Amino acid sequence: MASIKKYVAEFIGTFVLVFAACGTAATVGCSTTSFDSAYILTALAFGLVIVAMAYSIGNISGCHINPAVSLAVLMSGKMTAKDFCGYVVSQVLGGIVGAACIGLMLGFDCGFGANGLYNDNILLSLVIEVLLTFIFVLAILGVTSKPEYSNVAGIVIGLSLTLVHIFGIRFTGTSVNPARSLASAVFAGGPALANVWVFIVAPLIGGAIAALVWKFLSSDKK
């Protein structure tokens with residue numbers, strides 16, 4: 001029953017992330033070529049969702065709501081392979097339902113805040129997403145490493161996600177989350193769906209690198 005509750009929490013958290021944050025991007029018309037209020041509002045939406053979910057479902061599932069985060073936690077030895085699979089399935093399903101709700105509200109031509117390649121360059125887009133995810137996941141591993149940080153962990157993680165979005169929207173729309181990208185791409189179709197593998201692979205690589213780096217940095221701590 002405990003695992004089921006965790007999976008339901010991850011489903012809800014990822015649903016809210018996609019529905020509220022990707023929904024904000026679609027609603028305000030966030031663009032990679034326009035640096036305006038829509039750009040900042042979208043970055044803030046992603047960060048604020050994380051803060052809200054961290055303090056609501058964080059004590060149940062840890063509020064990963066992101067396969068890249070779950071992979072890093074798995075590699076850190078803090079979750080089982082079974083739970084990892086359950087988390088990822090729940091995250092993907094939650095994201096897809098969230099995107100479906102966006103489509104029902106805004107129309108299925110709204111763009112869904114989908115990610116896109118930077119200058120049609122796959123390699124550069126991969127590098128950007130790996131770096132952004134590395135920064136984000138490293139912050140998560142650091143701030144969740146000590147119980148005394150628990151009161152501020154949600155805020156730190158939310159601000160970290162806001163940061164990588166402020167920087168990254170200009171280039172790829174910022175994924176750092178395979179479940180979020182897949183959910184948007186499924187309904188956006190076209191190039192977003194054709195290139196979604198980039199926004200699945202790169203965040204997983206970035207999360208894995210962050211886990212390895214954190215393990216090295218904290219290896220002498222007892």
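A cavity here is a set of points on a 1 Å grid over the protein atoms alone, where a 1.4 Å probe fits but cannot get out. Points are joined across faces, edges and corners, and a volume is the space filled by probe spheres set on them. You are looking at a predicted model, in which local features need pLDDT of at least 70, side-chain atom pairs count only at pLDDT 80 or more, and totals for chains, interfaces and linings use all residues. Residues are numbered from 1 along each chain as its sequence is written, and side-chain values use heavy atoms, with hydrogens and water left out.

Select Ala114, Asn115, Ser181, Ala185, Ala192, Val196 and Phe199, which line this second largest cavity; lining residues have an atom within 4 Å of a point. Five of them are nonpolar, two polar and none charged. In this scheme Ala, Val, Leu, Ile, Met, Phe, Trp, Tyr, Cys and Pro count as nonpolar, Asp, Glu, Lys and Arg as charged, and the others, Gly among them, as polar.

At least two lining residues come from each of α2 and α6. Two cavities of 30 Å³ or more are counted in total.

Now show α2 and α6 by themselves. Helices are DSSP runs (H or I, at least four residues), numbered from the N terminus. The axes of α2 and α6 lie 8 Å apart, at an angle of about 155 degrees; axes are lines fitted to C-alpha atoms over the stretch in contact, and angles run from 0 to 180 degrees between N-to-C directions. The pair is therefore roughly antiparallel, a label for angles over 145 degrees. Their contact involves 16 nonpolar, eight polar and one charged residues.

Finish at the largest pocket, with a volume of about 450 Å³. Select Gly58, Gly62, Thr144, Ala153 and Ile157, the closest to its centre of 21 lining residues. Which elements give two or more residues to this lining? They are α2 (37-61), α3 (67-75), α5 (122-143) and α6 (150-172). A pocket is an open set with protein on both sides within 12 Å along at least five of seven lines. Coloured by class, the pocket lining shows 13 nonpolar, six polar and two charged residues.

Conventions. Parallel < 35°, antiparallel > 145°, perpendicular 65-115°, else oblique.
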